[in-house]
Amino acid sequence: MAKLPDRETCVDLLSRMCLIRRFEEEAGRQYQRAKAGGFLHLAIGEEATIVGTTSVMRDDDYLIGTYRTHGHAIARGTPPKSVMAELFGKVDGTSGGRGGSMHIFDGERRFMGGYGIVGGNLPLAAGFALASQYREEDSVTVCMFGDGASNTGNFGETMNLAALWSLPVVFLVENNLYGMGTSINRHSAVTDLSKKAEGYGIEGERIDGMDVLAVRDRVAAHIEIARGEGRPTLLEASTYRYRGHSAADPEIYRDKKEVEEWLEKDPIEAFIRECGEELDEGDVSRIREEADETVKNAVEFADQSPEPSLETLYDELYVVGETMGWYAVDERSPEPHRGEYGEDAPEVAKELAESGAEHIEPDEERSRPGVRN
Ligand SMILES: Cc1ncc(C[n+]2csc(CCOP(=O)(O)OP(=O)(O)O)c2C)c(N)n1
Ligand SMILES: [Mg+2]
């Protein structure tokens, strides 16, 4: 068992885990109230894996995750009010309200998102690590993804190149036993996921993802390998999500008994027990009250933040006006919208088109199949 750190660190770890738990509970509630749209994936139960990992990362290290990453951003230091505002689709959200729950991003804190494509973040992680190597910087990339993602082609391709090119990246699979409604026994031929490292000639290790101190201890060791020796490794954290895959999950694929068994290993309760006399009841309730307060303020902030104005609809897009114009189909009103025709396109898009990208003239565009008039 890992050694208990000093009191200040214990308070910090517990505070972050409690904050994520409260945030996620409230996000679920706000989703039921239709304040947050799109999809919503909660990480309740996975707090020790998240906080244990971020607690041993340096500020200049990169973290990249999946669509279940409200907690990852918060653990990295993103203000919960900015994350809540993103869920609400408001301008003060981390992506200006354009990404929503699955696309939290905070470049300043090197939290590189937030991706909806299962396994899509792995090659990007290798890219960050390659950039660090190329620039001769000693920052490390930590890439967190699910057990389901470990079956994707991206996983194999990325592990191979990361190993071949000695990239400073820690691949951390958050094994919560399910990919949507499919249990690991039904989706992976090898269920000890750390063994998948062997085929790429790198080290793999399985850890207890419900134990924040164990996660801290082993992630720190793996980060050290990446930073000091420039070698990638694979860590598998055994964890569990207490809620459904997303907010709309009837959970017919697992027994209530299984959930109850895992509830006994609740990472927050387990850590409070482990802290023993280091933290008394007063400390714990103060930490919980602070989390309540922060989340309450986050909801108020998100509520008050304005929605992005309609005029900004086409802002931040890479391509405006030059391709088929699917973005211009707006069910709400029939007239042409900004960006629908080539002549509205900004200069840069025209330059791109002239240098080889497809440029369709308005008349031609309208006559193409599938293009709505
Ligand atoms: C490439 C791709 N295929 C399928 C999906 C649909 N999908 C969304 S989440 C998910 C399950 C992924 O499970 P896992 O990697 O274990 O992550 P978890 O949700 O458990 O955190 C699937 C199949 C997707 N988003 N992207
Ligand atoms: Mg999973």
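Q: Where does E269 lie?
A: E269 sits in helix α10, which runs over residues 267-275. Keep in mind that this is a predicted model.

Q: Is E269 buried or exposed?
A: Exposed. E269 has 12 C-beta neighbours inside 10 Å, and a residue with 12 or fewer counts as exposed.

Q: How far is E269 from L14?
A: In sequence, they are 255 residues apart. In space, their C-alpha atoms are 9.6 Å apart.

Q: Zooming out, how many helices and strands does the protein have?
A: There are 13 helices and 7 strands.

Q: And how much of the protein counts as buried?
A: Of its 373 residues, 44%.

Q: What share of the contacts links residues 24 or more positions apart?
A: Counting contacts with a separation of 6 or more, 72%.

Q: Now the core. Which residues touch the most other members of the largest nonpolar core?
A: M17, C143, V169, V170 and L172. That core has 78 residues. Helix α1, residues 7-32, gives the largest share of this core, with 10 residues.

Q: What does V169 touch?
A: Leaving out residues up to four places away in sequence, its contacts include A125, A126, A129 and V140. T141, C143, A162, A226 and P232 are also among them.

Q: A162 comes up there. Which residues are buried in α6?
A: A162 is one of them, along with N154, F155, T158 and M159. They lie on the same side of α6, because they cover an arc of only 120° around the axis.

Q: What covers those buried residues of α6?
A: The cover includes α5 (121-134) and β3 (169-175).

Q: Which residues are exposed on the other side of α6?
A: G153 and L164.

Q: What span should α6 have, and how far apart are its ends?
A: Helix α6 covers residues 153-164, so it has 12 residues. At 1.5 Å a residue, it should span 16 Å. The end C-alpha atoms are 17 Å apart, which agrees.

Q: What follows α6?
A: S166 does, and its phi is positive, near 50°.

Q: Last topic, the ligand. How many residues surround ligand 1?
A: 14 residues. The closest are V118, G146, G148, A149 and G179.

Q: What classes make up the shell around ligand 1?
A: It has 5 nonpolar, 7 polar and 2 charged residues.

Technical notes: Residues are numbered from 1 along each chain as its sequence is written. Chains are lettered from A and ligands numbered from 1 in the order in which they are written. This is a predicted model: local features need pLDDT of at least 70, side-chain atom pairs count only at pLDDT 80 or more; totals for chains, interfaces and linings use all residues. A residue is near a molecule or strand if its C-beta atom, placed from the backbone, lies within 6 Å of it. Ala, Val, Leu, Ile, Met, Phe, Trp, Tyr, Cys and Pro count as nonpolar, Asp, Glu, Lys and Arg as charged, and the others, Gly among them, as polar. Helices (H or I, at least four residues) and strands (E, at least two) are DSSP runs, numbered from the N terminus. The expected span of a helix is 1.5 Å times one less than its number of residues. A residue is buried if 20 or more other C-beta atoms lie within 10 Å of its own, exposed if 12 or fewer, and partly exposed in between; C-beta atoms are placed from the backbone. The arc is that of the directions from the helix axis to the C-beta atoms. Two residues are in contact if their C-beta atoms, placed from the backbone, lie within 7 Å. A nonpolar core is a set of buried Ala, Val, Leu, Ile, Met, Phe, Trp, Tyr and Cys residues joined through C-beta atoms within 7 Å.
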